[in-house]
Every structure is written in C-alpha cells, then in structure tokens.
Amino acid sequence: MKTSAYLAVDLGAESGRVMSGSLANDRLQLKEIHRFQTGGVRLGEHLHWDFLNLWREIKRGLSLAEPSVRSIGLDTWGVDFGLLDAQDILIGNPHHYRDSRTDGIMDAVFEIAPRDEVYGKTGIQFMQLNTLYQLFAMVKGNSSALASAERLLNMPDLFNFFLTGEKANEFTISSTTQCYNPIKKDWDFETLNKLGIPTKIFGEIVQPGTLLGKLHPSIAQEIGYSTSVISGAGHDTACAIAAVPALGSDHIYLSSGTWSLMGVLLDQPIISPESMAAEMTNEGGFDGKIRFLKNIVGLWLVQESRRLWAREGFKYSYDDLTQMAAKAPSLASLVVPGENRFLAPKNMPDEIRAYCQETGQPVPESKGAVIRAALESLALEYRWVAEQIERITGKEYSVVHIIGGGTQNKLLNQFAANATGKSVVAGPVEATAIGNILIQAIAMGEISSLSEGREILKRSFDVESYEPKGKAVWDEAFIRYKKLKKENNK
C-alpha cells in the first residue's frame, strides 16, 4: 500500500486539532500538527462560539501540514449551526449549545407539537440544546437573523463551505438536530412547519464520504497548497465509532470525552415508547448505519471542576485529579450527571456538594472526593444505559469498547467495568481523528471498506483491557443510583 497523507480537522467542545494520517505497510500512522482551545465566549447575556478564531486556527493547522495532502475532512460536535444570508454571508457568531436561550423552550414546543409526536418522527433524545429548540427559540424571539437566513449549515458543513464554497448538509451531523426524520430519510418538514421554522434554510442531505471538491483558490493560496475536501462523517461521534477496533456490531461502544455517547450500531432505527422513555436517540452513522445511543454528560463535571480550580490558582492536570480521586473513599457520594443543574453551573464543585447535601449523602469536601463522585456516578450511568440498550434491543452484550480521549482516564475505565459487569476494551485514544481519516481513505479509493480500515487500525494501535471487580459493592451502589434518578425524574 502506497504512502498517503490525509488531514483530519477535529473540533471538540474543549479543544480542536489538526491531525495528519499516513497509510503505509498496512499501518496507519498519526501525527498531531496543531492543537488549539475551543470553548465558548460570552457576549452580553449569550454564549457563542468564536467562529473567526476557530477559522483562523483551522487555517493555521492546515498551513503547517506538508503540502502533499491527499484530502481534508472536518468533524465537530453536534447540534450547533450557522446561518447564511442571500449573499452567503455568515449572520453573526453561532450560538453555543449551552446558551440559556433554550431554557424552557422544550415545553413551548410540546404545546404545538406533542412530545411523543416529535420523538415519533425524529427518534432523537430530548435535550434542550438540540437544533430544533435553538431554532424555535429564535422563532419565539422574532429573530432578525432567522428572518434573513437563506441556509442553515451545521458546524462542520459551515467550515466546509468556507473551505470550498460548496453548501452541503452531511447526514451524520444533520441527524443530531432533531429536525431530521430517519424513517423518511429527509428533514421533518411537517414539524418544522408547525413550529414556524422556515424550511427553505434546510438543504439537500449528502452521505458521509462525499467529495465536495477542491479548496477554494483563496484558501489554497493562503495555506500554500490545494487538495480535495471530503464531507466525511461531520459528527465527531460518528467518526469515533468508525474507529472502534472490532468487526461487526456485537458490542456496546462508548465514545468518552466531554460527552459520553453510549450505544450500538443498527441497520434500522428503533423508535418506540420504550426507547423514548429511556431517552435513547437514533443518529446517523457511516455506511447508512444508525447509532442507537444515549448522550450522557461525560467528563464535563471533571473538566469544569478543573477549570474552576485553575481559576482559583490550583493548576491540576487530569492525571493529578485522577490520582487524588483514587485516594478518596469509594462510592461514598453519588450524583446524576445529566441533571440540568450540572449543564452550566457557575461553580461545579459546589454544585456537586450541594446536590449531595440535598439528597442526604456525605458531602465530598476534598477535591479528590468531588472527582471520585463524578467518575463513579458516570460509571453507574453507563450501567443504567447499558441495561436500557439490552432491554430495548433484546440482546446482551458482553464487551464495552471505550474510545476517544476519555480512554486515558484508567480509573474511569476500571469503574466502567466494575459498574457494568462487562469487559472493557479501551482505545484508541485518537478514535475521532482515526475514523475521520479512514472515511477519507475510503472516499478516495485507497481503502475498500470500513472493515478493511478497522483491520488496519487493529494492527496500528494498542488497546487496554479491564475486567470487572467488586460486584457486590457496585450492585449496592447501583440501587442507590437508581433511587436518585427516580427522585430526579419526579
């Protein structure tokens, strides 16, 4: 196999990077070219993405690559978007999904389009950050931006437009919006019309691996070379799942990062009262697969605690925090990570402590105890989700494949095995970039299929295995955790 170079531009909620991937001798070699911070920027009362800064950092990363690049693929988080006017000018900085403009909007939507009707058409987990609720908040607010918009592009599609001049709505990222109907395989125009959301802004949906064309000449001149741009799997989780080092679908995957996305790959969506009650979602994957999963608030609680302590003058690495957590008492205090109070608190450690006090649990005073409470609670949420998946699909899974940056947290990996009672295989760390590159290589004809790509990555990257321990104590903790979830849902 001849040597080739592909560039994966991967933007996460906390950081972005440009990675180079080369295929040679049936191996994939990765190299980080550029890494930068992402995060939100508050302007007045609202939280935005700093689109211009992200754009500058992307171009900087591309300019640092060797000019023999075969193609570029870009992925980001889901749900957020930009709006273009009739002259293809971006209307303002895109809002951040944690912005407060969607507070209370879900109930307003359900007064017009009932909850079960919305789920029945979209199969998407109800989260106030979904594109559907962001757009309806704009409708309710008589947004001049929405009134003048001619096209909606989710974040990866928006960056691809400015790279190439081509407007395309890619399937995997479109499926996160709760504006897409996976049965009809088109936008849910009926619900959009009911809510007064202009349907003209939704364009044709293209499949992952679509060749958009060459870099715009002005961009090629700026970075020093021209190459092809692939509209790959625009959603970062779809890329990560493409890089699970397992053949077939006889496993549960868990993409671990700021968010944890846990599920299985299916040929068809499951949209039922049971899946709605379990808050399961049906998102698009590569090769037309459905990612039947649940979005879980992941390492966000840890990240926000670390950020606040850094602001107070305590500069801890993630390894530091994990070591502190390992020394704290086991399963002393639990929280439900998905509670709204943890979505965007002013002080995450204090919010965790307040929750424990309000629920009659020991209050985690030390920093290590706070982190341990977050990690153990997250592992118990994994068990709850795994049980829902097995109940709804009617199938048992003995292995959980954890991929993404969160695999570096070995303590959490062991907790995941302990809580679920399943074998855990962790790795690769750079799953999102790897999946991005594999999809590009398939699109460019260098790899024949995703199965071939997974065989390559199995030869290229090490994984680490964890077996469950302490069944009795984790079973007892799960009973306590389920009681907390039940109380929260009242």
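Which residues are linked with D10 in a network of salt bridges? The network joins D10, R17, E32, R35 and E430, where a salt bridge denotes a side-chain nitrogen of Lys or Arg within 4 Å of a carboxyl oxygen of Asp or Glu. The model is predicted, so local features require pLDDT of at least 70 and side-chain atom pairs count only at pLDDT 80 or more, whereas totals for chains, interfaces and linings use all residues. Residues are numbered from 1 along each chain as its sequence is written, and side-chain values use heavy atoms, with hydrogens and water left out.

The chain contains 19 helices and 21 strands; these are DSSP runs numbered from the N terminus, with helices being H or I of at least four residues and strands E of at least two. Its radius of gyration is 22 Å, close to the 23 Å that the globule rule gives for 490 residues, so the chain is as compact as a globular protein of that length. That radius is taken over C-alpha atoms, and the rule is 2.2 Å times the number of residues to the power 0.38. Along the principal axes, the C-alpha atoms fill a box of roughly 60 × 55 × 50 Å.

Of the 490 residues, 60% are buried. Buried here means under 20% relative accessible area, exposed over 50%, and partly exposed in between, with a 1.4 Å probe and protein chains only. Among contacts (heavy atoms within 4.5 Å) between residues at least 6 apart in sequence, 72% join residues at least 24 apart.

Helix α4, residues 131-140, illustrates the covered part of the chain: eight of its 10 residues are buried. These are T131, L132, Y133, Q134, L135, F136, A137 and M138. The elements that cover them include β7 (81-84), α2 (105-112), α3 (115-122), α5 (144-147), β8 (151-154) and α8 (189-194). After α4 comes N142, with a positive phi near 50°.

The discussion now returns to charged side chains. In total, the structure holds 28 salt bridges. One of them pairs E446 with R70, at 3.1 Å from N to O. E446 lies in the loop between α17 (431-443) and α18 (450-460), and R70 in the loop between α1 (51-63) and β6 (71-75), so the pair ties together parts that are 376 residues apart in sequence. E446 is buried at a relative accessible area of 13%, while R70 is partly exposed at 26%.

Another salt bridge joins E390 and K422, whose closest N and O atoms are 2.7 Å apart. This pair links distant parts of the chain, with E390 in helix α15 (residues 367-393) and K422 in the loop between α16 (410-420) and β20 (423-426), 32 residues apart. Relative accessibility is 18% for E390, which counts as buried, and 10% for K422, also buried. A further salt bridge connects E283 and R291, with the closest N and O atoms 3.0 Å apart; both residues are buried.

Finally, Q361 occupies the loop between α14 (348-358) and α15. Q361 counts as buried, at 13% relative accessibility. Leaving aside residues up to four places away in sequence, Q361 touches A332, S333, L334, Y355, C356, R480 and L484. The C-alpha atoms of Q361 and G338, 23 residues apart along the chain, are separated by 18 Å.
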